Amino acid sequence: MRNHSPGDGSRTGAYLGPESGTRWFGLWDGFFAVSYLVTAVLLLLSSGSQVSHSLPVAALTLMVPWYAAVGRGLMIEASYGPRNLVFAVGLVALFCVTTVFSLIGTFALFAVVPMLIMSLPMSWAVALATVANLCPVLVVVFIGEDLGLSVWEMVPVSLLSIALSVLLGLWIKRVVRQSKERGQLIEELRQSRERVARLSHEAGISAERERLAREIHDTLAQSLTSIISLVQAAESEVRDAPDQAVDHLSLAGRVAKESLAEARDFVAALTPPALRGGSLSQAVRRQAEGLIAETGLEVRCSVMGEEKALPMAVSVVLLRTVQEAIANVRKHAKRARTVDVIVVFDQGGVRLLVRDDGEGFTPDGTQEGYGLRGMQARVEEIDGVASVTSGPGRGTTVEVSVPVSALTGEAANG
């Protein structure tokens, strides 16, 4: 904290509120109250006339509202300005009046000097503290013979008084400063926790939106596309091949029912209907059969290796990958005749391949829409790797590999 002259009107530090500034300031309030009471009792018990008692006690008592109304707030704020100098000068004046009428008022230095140190820059505080300590000495110089005191008797007392009061003031000032710093750190920590909570909430909302977007794309959007294709096929066959039209309409109804179940389940984040009561390979075969019914393509579905039970999170990701790959075949695989869907179980984990013999494309990132990005994001969530390989005239292959470590970890967690 920078020190400024009291007359420049500048402010330093930041007011952190009553919690940080007054939490430890009560210690000083207690000390000030004790100092006032001890000095007042000594003044009242001292010998002399009623005037010699009442006037110094009155001047001493005026320090209390002067401190409460002006000085205390300045000390808590730790700010230096004209009001600080006004408070300090008034405080020294009241002390000097008390001392002039009774040297017993010198005990008030134990409260006056710490207040000067806490309300002023150190150089100004020492200067006014010196003035306050000279006041009893000057009283002795002028009326010391009447009191039976000498200057040499007062000087050691004044030096000891200023030394002890300065040390006490510095200690209290340090305690208050540390309390304010601690309060500032607590406030910063509270703000940081609020920011973390807000960001976590926003991240949760974003993640939920991303999840719903992926689920809608992988289920409802693809199902609606299938239903549209099936209905269009039925419309074209209703006259020439009514039996096939009925089959297509039946399949469209089945897809619509499954889509409704999917919609209800992904909102509740439950197991997809395609994986209930069956394995991943069975769910993949049903997806292949649906593609055959919709497009008439030759779809070969095979499972290599000994099928093992997979954690539900892995099964869902692989199923969604198959659905996305099949949807891309339906929409983009021009002139495709055959599609291979292969699930491979081995000691390294599980792999999924969906390959078509369509025209393909040059993978430069521009063709990758939301579906492929969502597929890759899903696979990364289970520590897997997804790749899309294609080329003009070479078809397209979507491959997903999930290592056995991910399967073990998921199984342990599940």
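Colleague: Which residue in β5 does T389 stand opposite?

Modeller: T389 stands opposite T397 in β5. This is a predicted model, where local features need pLDDT of at least 70 and side-chain atom pairs count only at pLDDT 80 or more, while totals for chains, interfaces and linings use all residues. Residues are numbered from 1 along each chain as its sequence is written, and side-chain values use heavy atoms, with hydrogens and water left out.

Colleague: What makes two strands a pair?

Modeller: Two strands pair if DSSP finds at least two bridges between them; strands (E, at least two residues) and helices (H or I, at least four) are DSSP runs, numbered from the N terminus. Here β4 and β5 pair in the antiparallel sense over six bridges. They form a hairpin with five residues between them, and G393 in the turn has a positive phi of about 80°.

Colleague: How many bridges join β3 to β5?

Modeller: Eight bridges join β3 (residues 349–356) to β5 (residues 396–403), and the two run antiparallel. R355 has T397 of β5 as its bridge partner, and G349 stands opposite P403.

Colleague: What is the order of strands in the sheet?

Modeller: The open sheet has five strands in the order β1-β2-β3-β5-β4, with mixed pairing. At its edges are β1 (298–304) and β4 (385–390), each pairing on one side only.

Colleague: Where does helix α9 lie?

Modeller: Helix α9 (residues 280–295) lies across β1 and β2 (338–346), running at about 170° to β1. Contact means heavy atoms within 4.5 Å. Axes are lines fitted to C-alpha atoms, for helices over the stretch in contact, and angles run from 0 to 180 degrees between N-to-C directions.

Colleague: Now for cavities: what volume does the largest cavity have?

Modeller: A cavity is a set of points on a 1 Å grid over the protein atoms alone where a 1.4 Å probe fits but cannot get out, and lining residues have an atom within 4 Å of a point. Grid points are joined across faces, edges and corners, and a volume is the space filled by probe spheres set on the points. The largest cavity has a volume of about 60 Å³.

Colleague: Which helix supplies the largest share of the lining of the largest cavity?

Modeller: That is α2, with four residues. α2 (25–45), α3 (50–77) and α5 (109–119) each supply at least two residues of the lining. Among the lining residues are F32, Y36, M63 and V112.

Note on methods. 1 Å grid on protein atoms, 1.4 Å probe; cavity = no way out; pocket = protein on both sides within 12 Å on 5 of 7 lines; lining within 4 Å.
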